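These are my notebook entries on a single protein model. I set down what I looked up, entry by entry.

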Amino acid sequence: MSPEITKHNGKVHSSPLRSMPPPSSFTPVTPHLAISPTVSVVVPAMNEAENLPHVFATIPQWVDEIVLVDGNSVDDTVAVAKRLRPNVKVVTQTGKGKGDALSAGFAACTSDIIVMIDADGSTDGREIINFVGALVTGADFVKGSRYAAGGGSDDLTINRRLGNKVLTGIVNVMYRTQYTDLCYGYNAFWARHLDTLDLDCDGFEVETLMNVRAAKAGLKVHEVPSHERNRIHGESNLHVVRDGFRVLKTILKEWRRQPAPPQPEPAATPAADRGVA
């Protein structure tokens with residue numbers, strides 16, 4: 001075990017590093033990469049039976065747990081999910097809205113890392129490794145960005161693009177962040193920060209709430225580029241003006257709220273160690 005070398009007041013100090021987890025605790029990702037933390041993916045869905053085959057096909061096999069939150073679908077969403085992944089964990093939503101669905105899904109997760117993606121085919125599960133990679137190398141909360149270098153969107157209308165830009169600018173000024181994309185539903189975080197995020201909203205403003213609370217709590221937030229694709233089947237429930245005002249209301253409301261303290265990193269264990277090999 002090699003020592004960690006640091007400098008303080010011009011003097012060199014050394015301290016022992018934590019022991020690496022045993023090889024058996026790592027999950028192979030590629031022939032050259034393995035991770036120690038476990039990963040859950042939360043997929044909120046309502047009447048997305050036609051889209052789920054496309055969505056599930058992109059989620060890597062090394063993901064430990066898929067949690068499908070069914071918003072009381074009237075199609076075969078649940079049956080299709082179980083056929084595609086027999087070990088999928090299905091949670092039936094009791095409330096309404098995306099924020100409520102995500103809260104229910106997060107509560108059902110059992111892994112060290114939680115990733116949230118959409119069920120309409122707009123988010124690519126093959127990008128999950130980028131989010132997990134940022135977390136295991138030091139981030140607390142990782143947000144996808146369609147505006148970061150390498151990102152993009154096939155689905156942003158002029159109104160959505162303008163609204164997102166204005167709202168992102170407001171958050172950056174009010175909360176001293178440097179976000180490039182505020183209203184995007186592809187995010188990942190360490191499960192121990194669930195209490196810090198403390199989701200208590202119902203609608204599409206949930207992404208903004210998470211981004212703002214992560215910043216207020218002093219979490220290490222990292223953006224990774226992501227490419228948003230068009231919805232494959234069906235129509236979106238997003239309403240630009242209505243949901244834009246809900247996002248703005250959330251931003252202003254959070255300004256007066258006392259932030260929750262971040263949770264410290266737990267003692268090193270094979271499952272929770274931020275290990276990459």
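**Entry 1: Asn-187**

Is Asn-187 buried or exposed? I looked up its accessibility in this predicted model. Asn-187 has a relative accessible area of 0%, and because buried means under 20%, I record Asn-187 as buried. I located Asn-187 in strand 11.

I then asked what the side chain of Asn-187 reaches. The backbone oxygen of Tyr-184 lies 3.4 Å from that side chain. For contacts, I set aside the neighbours of Asn-187 within four places in sequence. The residues in contact with Asn-187 are then Ile-114, Val-115, Met-116, Phe-131, Phe-141, Val-142, Lys-143, Gly-144, Glu-207 and Asn-211.

**Entry 2: Overall counts**

I noted 8 helices and 13 strands in the protein. The protein has 277 residues, of which 48% count as buried. I also looked up the contacts with a separation of 6 or more; 76% of them are between residues 24 or more positions apart.

In what order do the strands of the open sheet lie? I read the order as 7-6-5-8-11-9-12, with 7 strands and mixed pairing. The edges are strand 7 (89-92) and strand 12 (221-225), each of which pairs on one side only. From one strand to the next, the twist averages 20°.

I turned next to strand 9 (residues 141-145), which runs parallel to strand 12 and is joined to it by 5 bridges. Within strand 12, Pro-225 stands opposite Ser-145.

How many residues of strand 5 are buried? I found 7 of its 7 residues buried and record the strand as mostly covered. Val-39, Val-41, Val-43 and Ala-45 point one way from strand 5, while Ser-40, Val-42 and Pro-44 point the other way. Residues of both sets are buried.

I followed the pairing of strand 5 on to strand 8, to which it runs parallel, with 4 bridges joining the two. Val-39 has Ile-113 as its bridge partner in strand 8. Strand 5 also pairs with strand 6 in the parallel sense, over 6 bridges. There, Pro-44 has Val-69 of strand 6 as its bridge partner.

I continued from Val-69, which stands opposite Val-91 in strand 7. Strand 6 and strand 7 run parallel and are joined by 4 bridges.

**Entry 3: Helices against the sheet**

I looked up the β-α-β units. Strand 5, helix 1 (residues 52-58) and strand 6 form a right-handed one. Strand 6, helix 2 and strand 7 make a right-handed unit as well.

Which strands does helix 2 lie across? Helix 2 (residues 77-84) lies across strand 5 (39-45), strand 6 (65-70) and strand 7, and I noted an angle of about 170° to strand 6. Helix 7 (residues 206-216) lies across strand 8 (113-116), strand 9, strand 11 (187-190) and strand 12. Its angle to strand 9 is about 135°.

**Entry 4: Aromatic rings**

Phe-106 and Phe-189 form one that is edge-to-face, at 5.2 Å centre to centre and with 85° between the planes. The pair links distant parts of the chain, since Phe-106 belongs to helix 3 (residues 98-108) and Phe-189 to strand 11, 83 residues apart.

Ring pairs link Phe-106, Phe-141 and Phe-189 into a cluster.

**Entry 5: Asp-120**

Where is Asp-120 placed? I found Asp-120 in the loop between strand 8 and helix 4 (128-136).

The side chain of Asp-120 makes a polar contact with the side chain of Ser-122, at 2.6 Å. Not counting residues up to four places away in sequence, Asp-120 touches Glu-48, Asn-51, Val-55, Arg-231 and Ile-232. I also looked up the separation of Asp-120 from Asn-47, 73 residues apart along the chain; their C-alpha atoms are separated by 9.6 Å.

Terms used. Residues numbered from 1 in each chain as written. Predicted model: local features only at pLDDT ≥ 70, side-chain atom pairs only at ≥ 80, totals over all residues. Heavy atoms only, no water. Pairing = 2+ DSSP bridges. Axes fitted to C-alpha atoms, helices over the stretch in contact; angles between N-to-C directions. Contact = heavy atoms within 4.5 Å. Buried < 20%, exposed > 50% of the residue type's maximum accessible area, 1.4 Å probe, protein only. Right-handed = clockwise from strand over helix to strand, strands pointing away. Polar contact = N/O pair within 3.5 Å; in protein donor to acceptor, adjacent residues only side chain to side chain. Phe/Tyr/Trp six-rings, centres within 6.5 Å; stacked < 30°, edge-to-face > 60°.
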